Amino acid sequence: MVLEPTLLLNESTIQSLLTMHDFNHLVNETFKGFGEGTVINPKKLSLDLGETGNYPYYQGFMNAMPAYIGFQDVAGQKWVGGFLGERKEAGLPYITGMIMLINPHLGTFISVLEGAYISNMRTGAQAACAIQYLFRKPTITIGLYGAGMQARKTVEAISDLMDIETLYVWNHRRSTAERFKEDMQKFVTGDIIVTEDGQEATQAEVLITLTPAQEPIIKTEWVKPGTVVFPMGSFQEIEDSLILKADKIIVDHVSQALTRGALKQLNAEGKITEEHIYTTLGELSLSDKPLDTLTNDITICIPIGTGAMDVACAYEAYQRAKAKGLGTPFDFTC
């Protein structure tokens with residue numbers, strides 16, 4: 001048997017191969033795989049490199065995120081993290097990552113890909129697909145907290161699936177939000193409103209937090225019935241009382257969502273457990289109907305991110321690169 005060398009793919013090559021529409025399609029198919037039980041996805045394993053202020057004080061973290069994708073018959077892992085400190089001083093983006101794909105029959109590494117771009121794109125796509133599952137309608141209003149790269153990709157992904165009638169955006173640095181408004185208007189059919197006060201953004205149907213905040217930025221009393229809140233950061237962006245008040249909690253991955261991000265502390269205290277999870281996005285993906293009672297409920301939706309999304313998108317990029325003769329073959333066995 002002649003084994004092919006591992007194909008190395010950089011960011012620019014991946015960008016040339018996959019559009020946001022492709023990412024939305026692949027994320028949707030992966031959610032369906034979760035719902036059907038054909039995707040295997042252990043919860044992510046984290047390495048604290050000072051993110052929480054502890055030794056070794058590098059203000060960073062790395063996550064190992066393995067998965068098997070049944071509809072593609074591929075396995076892989078994303079090794080991804082975020083760093084401030086020296087990385088920020090060097091002018092490098094916050095997110096860093098690589099994705100490794102293997103042939104699950106042989107255990108051979110078929111491709112290694114730059115992972116930060118795929119991470120940002122699929123983060124946007126998973127929020128967009130979740131909104132589509134919940135509402136099943138052509139228009140939406142969004143309140144966005146954060147104006148970084150993942151916020152940009154989230155708006156782009158949502159606009160691929162539905163019209164954004166109004167987008168409220170709040171950011172701790174207003175100048176960043178103003179640049180965001182200028183750059184992102186092409187993706188929004190209505191107005192983009194930069195808010196000084198985070199409360200103004202809660203007029204929207206959907207609230208999305210994409211920040212590194214370690215203190216709540218959305219107050220419980222701001223959120224009215226009929227609102228869906230997406231706390232998508234890895235920290236505590238909403239108050240615990242809002243989670244406890246919610247009528248429905250929906251997640252992408254039950255065990256992972258309970259031990260990271262918004263639910264972590266409440267789960268550790270025994271106040272939120274698996275019994276409090278209403279359903280998963282994988283289950284919702286298998287229906288073509290909107291979620292009942294959204295207009296009367298406060299809903300918390302947490303697509304905290306799974307390696308399966310990254311592996312599925314990376315494999316599609318690998319297949320297209322291979323077909324076009326792109327990428328750099330490398331033989332690790334020599």
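A salt bridge here is a side-chain nitrogen of Lys or Arg within 4 Å of a carboxyl oxygen of Asp or Glu. This tour uses a predicted model, in which local features need pLDDT of at least 70 and side-chain atom pairs count only at pLDDT 80 or more, while totals for chains, interfaces and linings use all residues. Residues are numbered from 1 along each chain as its sequence is written, and side-chain values use heavy atoms, with hydrogens and water left out.

**Stop 1: a pair of charged side chains**

Select Lys 271 and Glu 269. Their side chains meet in a salt bridge, at 3.4 Å from N to O. Lys 271 is partly exposed at 45% relative accessibility, and Glu 269 is partly exposed at 40%.

**Stop 2: the open sheet**

Helices (H or I, at least four residues) and strands (E, at least two) are DSSP runs, numbered from the N terminus. Two strands pair if DSSP finds at least two bridges between them. Colour the strands and look for the open sheet of 8 strands, in the order 10-9-8-11-12-15-13-14, with parallel pairing. Which strands are the edge strands? They are strand 10 (191–194) and strand 14 (279–280), each of which pairs on one side only.

Now select residues 206–209 and 228–231. These are strand 11 and strand 12, which run parallel and are joined by 4 bridges. Within this pair, Val 206 stands opposite Val 228.

**Stop 3: helices on the sheet**

Contact means heavy atoms within 4.5 Å. Angles run from 0 to 180 degrees between N-to-C directions, and axes are lines fitted to C-alpha atoms, for helices over the stretch in contact.

Select residues 116–135, which are helix 4. Helix 4 lies across strand 8 (139–145), strand 11, strand 12, strand 13 (248–251) and strand 15 (299–302), and runs at about 160° to strand 12. Next select residues 174–184, which are helix 6. Helix 6 packs on the sheet and touches strand 8, strand 9 (163–170) and strand 10, its direction making about 175° with that of strand 10.

**Stop 4: Trp 170**

Trp 170 lies in strand 9. Is Trp 170 buried or exposed? Its relative accessible area is 19%, so Trp 170 counts as buried. The C-alpha atoms of Trp 170 and Gly 143 are separated by 8.0 Å, although the two residues are 27 apart along the chain. Leaving out residues up to four places away in sequence, Trp 170 touches several residues, among them Leu 144, Tyr 145, Glu 196 and Ile 217.

**Stop 5**

The structure holds 13 salt bridges. Start with Glu 196 and Arg 174, whose closest N and O atoms are 3.0 Å apart in a salt bridge. The pair links distant parts of the chain, with Glu 196 in the loop between strand 10 and strand 11 and Arg 174 in helix 6, 22 residues apart. Glu 196 is exposed at 58% relative accessible area, whereas Arg 174 is partly exposed at 34%.

Then select Glu 205 and Lys 137, whose side chains meet in a salt bridge at 3.0 Å, N to O. Glu 205 is in the loop between strand 10 and strand 11 and Lys 137 is in the loop between helix 4 and strand 8, so this pair ties together parts that are 68 residues apart in sequence. Glu 205 is partly exposed, at 22% relative accessibility, and Lys 137 is partly exposed, at 31%.

**Stop 6: antiparallel strands**

Select residues 74–83 and 95–103, which are strand 5 and strand 6. These two strands run antiparallel and are joined by 8 bridges. Trp 79 stands opposite Met 98 in strand 6.

Strand 6 also pairs with strand 7 (residues 108–114) in the antiparallel sense, over 6 bridges. Ile 102 stands opposite Phe 109 in strand 7. The hairpin of strand 6 and strand 7 has 4 residues between the strands, and Gly 107 takes a positive phi near 75° there.

**Stop 7: Thr 306**

End at Thr 306, in the loop between strand 15 and helix 11 (307–324). Thr 306 is buried, with a relative accessible area of 0%. Residues that Thr 306 touches, not counting those up to four places away in sequence, include Phe 34, Arg 122, Asp 252 and His 253.

Key
Buried < 20%, exposed > 50% of the residue type's maximum accessible area, 1.4 Å probe, protein only.
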